[in-house]
Amino acid sequence: MPQIFIDGQPVQARSDQTVLQAALENGFFIPRLCWHPQLSIAGNCRICTVQVEGRSWVEIACNMPVAEGLKVLTDSEIVRENRKATMQFLTLNHPVDCGVCDKAGECTLQDYHVAFNGTPSVSHDAKVHATKFYELSERITLDNERCILCSRCVRFTREISRSNALGIVNRGDHSLVRPAGDRPLDDDPYSDNIVDICPVGALLSKSFLYKSRVWYLKATPSVCPGCERGCNIDLWHRKPEWFLRSLDKAQNVTIERITPRENAAVNGPWVCNKARDLAKTVFERPRAAAPMRKGREVPVDEALGAARALLAKARHPVALVSSAGSNEELQAFQQAFAERMHCFVKTDSVVQPGEPVADELLIRADKNPNRYTARALFGDAPIGFPPETDLVVVWGEGFAFTELPRGVPVIFLNAFLAPENGHADVFFPLSLQTERSGSYTNFQGITSRFEACFPKPASVVDAQTVFGALTLAQAVAP
Ligand code: SF4
Ligand code: SF4
């Protein structure tokens with residue numbers, strides 16, 4: 001454990017660390033643009049320079065190994081001069097179009113300009129123009145004028161997603177990030193991470209382009225239900241104090257974008273593109289709106305009464321349990337039904353056409369977020385219906401009604417619009433993950449919580465509430 005000194009303070013560093021890593025780990029601030037904790041060292045932005053005491057020049061901290069007794073200064077006069085000059089250089093050809101840039105409000109270049117430069121360009125030469133709105137992929141557009149050539153995006157595709165989809169062509173102020181190598185960015189299932197790690201507004205997500213200013217939004221912690229990895233995510237939606245009162249009020253309850261929430265044990269700082277699309281593919285799917293009895297809309301109380309009657313009469317009921325239920329819902333289901341039903345864990349979601357099945361980074365073949373808990377509570381026996389089955393409770397999607405025993409009454413719980421909803425004897429429309437709090441346990445046994453963003457519509461119910469109400473029903477059943 002070499003001891004180094006940062007701004008005169010002793011710091012115990014690990015021998016494999018750089019000065020930048022040791023400084024950040026011990027609460028010192030050193031600016032960085034091209035350096036990223038998960039990527040190799042490029043050393044090309046030059047903003048992380050520090051001064052070794054006794055030397056009259058600066059050196060980059062991201063590539064400086066620690067050594068016993070090393071003394072560095074992070075805020076000496078020549079460090080400050082160098083940072084200012086570096087910011088002048090990095091913004092030499094920058095269009096300074098922060099007013100219309102999606103990154104404004106969370107742009108490192110903008111923050112560093114204010115902190116370390118703060119003065120207009122000293123150059124009298126015309127700026128070198130570059131491509132605006134270059135289509136890198138179906139999902140991402142590139143503004144080359146904003147790019148500072150930090151190469152984070154290029155290194156990500158080489159070192160993390162391994163698509164080798166990007167490179168830098170040309171030299172000097174004609175350098176441009178461009179598609180390169182083996183595969184186009186369209187085939188990279190992790191491509192949208194480059195939008196997050198771009199330290200400026202050069203890489204833009206088309207699905208978020210010009211949709212909202214980031215300071216209007218808040219992030220609610222959540223968990224991707226797209227596979228059994230259970231990546232931690234942030235759901236970005238409008239802050240209540242910025243709610244629209246007379247224009248499009250639907251925007252107040254819309255997920256504007258989805259980004260990774262770092263969890264070293266689960267997903268690190270990354271997610272796959274499936275998580276980015278959850279708003280479209282899951283949260284905004286057409287909803288089941290009302291409880292029903294054989295396709296006829298009824299109040300919740302009537303549906304509960306009908307379900308109670310069916311449960312009271314059944315002697316050999318079977319339950320198909322959702323592998324997408326939260327831990328809390330699964331436990332409520334167990335308390336309500338496990339003792340008096342044959343319970344089988346059901347597959348709610350399978351691989352969709354064109355979707356990557358599995359890989360070595362994050363994506364898992366099981367597309368259900370909580371099979372771990374479902375199996376722990378209900379086992380993993382294959383679904384089967386004994387001949388004497390006289391009631392089936394189906395919770396969630398994924399099971400064809402044609403596979404159910406003929407003529408047996410069905411209680412069905414589902415969040416989405418589906419023809420089966422109207423075929424069930426009793427149907428309950430369920431709340432979405434964005435409308436309730438809970439947790440999933442991923443395939444590694446790690447539990448992650450999700451929180452509600454929006455209130456649920458008045459006509460839908462939480463699965464947990466239904467199970468609780470039916471537990472009480474059984475206590476009074478004849
Ligand atoms: S596009 Fe962004 S991440 Fe890529 S090199 Fe330019 S500034 Fe860096
Ligand atoms: S790897 Fe799985 S859990 Fe993670 S973002 Fe992709 S689909 Fe969601």
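I began with the sheet: three strands form an open, antiparallel sheet in the order β6-β7-β10. The edge strands are β6 (134-135) and β10 (203-205), and each pairs on one side only. Here two strands pair if DSSP finds at least two bridges between them. Helices (H or I, at least four residues) and strands (E, at least two) are DSSP runs, numbered from the N terminus.

This is a predicted model; local features need pLDDT of at least 70, side-chain atom pairs count only at pLDDT 80 or more, and totals for chains, interfaces and linings use all residues. Residues are numbered from 1 along each chain as its sequence is written, while chains are lettered from A and ligands numbered from 1 in the order in which they are written.

I then checked β7 (residues 140-142), which pairs with β10 over three antiparallel bridges. I140 has S205 in β10 as its bridge partner.

Next I took helix α4 (residues 152-159). Six of its eight residues are buried, so α4 is largely enclosed by the rest of the structure. Buried means 20 or more other C-beta atoms, placed from the backbone, within 10 Å of the residue's own. I listed the buried ones: R152, C153, V154, R155, F156 and T157. They pack against β8 (166-169), β9 (176-179), α5 (193-197) and β10, with contact meaning C-beta atoms, placed from the backbone, within 7 Å.

Last, the ligands. Around ligand 1 I found residues including C147, C150, R152, C153, C198 and L203. A residue is near a molecule if its C-beta atom, placed from the backbone, lies within 6 Å of it. Ligand 2 is surrounded by 14 residues, the closest being C224, G226, C227, C231 and C272.

How values were computed: Buried ≥ 20, exposed ≤ 12 C-beta atoms within 10 Å, placed from the backbone. Contact = placed C-beta atoms within 7 Å.
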